[in-house]
Amino acid sequence: MPQVTDHGGGVVSIPVPIPDNPLGHTLVHLLDTDRGPVLVDTGWDDPASWDTLVAGLGACGTSVTELHGVLVTHHHPDHHGLSARVREVSGAWIAMHPADADLVRRLRAAPPGQWLDQLVAKLVAAGAPEEHLAPVEAARARGRARPLPGSRAALPDREIAPGELLDLPGRRLRAIWTPGHTPGHVCLHLEEAHPLGRAGRGRLFSGDHLLPGVTPHIGLYEFPGGPTATDPLGDYLASLERVALLGPAEVLPAHQYAFTDAPGRVATLLAHHRARLASLRALLATPRTLWQLTESMEWNRPWSRIPYGSRNIAVAEAEAHLRHLVALGHAEAVPGGPPVTYVAV
């Protein structure tokens, strides 16, 4: 049986495994309501993950068939992946912020290979070398694009509106829009006294927005014809500060473990990004393409040891930071290109 954790006050977490991922699992939270249990996230769409979720619900004295609803903090497959199967078995509704619901619709509607076309265009604009472009161009030429994780995810049937007190009888759960990790990421603030009497304002289901020992990835989610996130890092930093002001007694994240002192964790993350932005601005004293900037940055391992797919994620992370520098007026594009070159100002 999975090691479920009873957090008190009708809140239990179930660790649902993520295949081949260093995070190990997603903490799916179960919230009792007067209309039946509600899930916060569901976990990855995988047979072992499904079996773990079913067993975890059984350990909590309930089952999938008894679920009333699913609140999705964001569209990533380790959070939204099992939503369709949960709804199929239980008839539960699925709720998500409209910005991430739009991403789910676009992923489902995208023709095969479109994401490869977009990836090639982004990498060319970034100045990626031919040896990095070759594998993705070969895959595109063969017409063998694999479906993106989440491309078969369930369309939500309810929207989570920012600031909304959710329709969960017997509970006070308010939606807090926290864009950055994804455009429609939400935290969920349980505005009830902590069951152990801890000082602070209730508890916060923080999804991936606020984690105790990991800095969430800030990337880009852009599809042809869709909206453009001009400054996702700026969005993230602003929403971090909003969460700190809530002053929850405890944070219940989707990975790792529950923790206290949300303002302290926010301060640490803000300091991390300030240092990272200062480092990037120093690197841009010499004009660089986005690719050159990315491979010059400090990562959790040397650039030569970063796997191919992770390099594409790193480029997106670097671009999010670069866009914030541009938004602050601390960097600008040099006329010419592609590839586009940037310099500090």
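This text walks through a predicted model, one region at a time.

Strand 14 spans residues 341-344. Strands 13 and 14 run antiparallel to each other and are joined over 4 bridges. In general, the strands of a sheet pair through backbone hydrogen bonds, and the sense can be parallel or antiparallel.

Next, move to a loop. Strand 11 (250-253) and helix 8 (262-283) have a loop between them, and Q256 lies in it. D261 lies in the loop between strand 11 and helix 8 as well. Both residues deserve a look at their backbone angles. Most residues other than glycine have a negative phi. Q256 has a positive phi, near 75°, and is not a glycine. D261 is not a glycine either, yet its phi is positive, at about 60°. How accessible are these two residues? Q256 counts as partly exposed because its relative accessibility is 29%, which falls between the 20% and 50% cut-offs. D261 has a relative accessibility of 48%, so D261 is partly exposed too.

Now turn to helix 7, which holds residues 232-246. L246 has its place in this helix. Is L246 buried or exposed? L246 is buried, because its relative accessible area is 13%, and buried means under 20%. Which residues does L246 touch, leaving aside its neighbours within four places in sequence? The contacts are I176, H189, R201 and L204. L246 and R35 stand 211 residues apart in sequence. In space, their C-alpha atoms are 27 Å apart.

Last, consider the cysteines C60 and C187. C60 counts as partly exposed, because its relative accessibility is 27%. C187 has a relative accessible area of 0%, so C187 is buried. How many disulfides does a search of the whole structure find? The search finds 0.

Methods. Residues numbered from 1 in each chain as written. Predicted model: local features only at pLDDT ≥ 70, side-chain atom pairs only at ≥ 80, totals over all residues. Heavy atoms only, no water. Disulfide = S-S within 2.5 Å. Buried < 20%, exposed > 50% of the residue type's maximum accessible area, 1.4 Å probe, protein only. Helix = DSSP H or I, 4+ residues; strand = E, 2+ residues; numbered from the N terminus. Pairing = 2+ DSSP bridges. Contact = heavy atoms within 4.5 Å.
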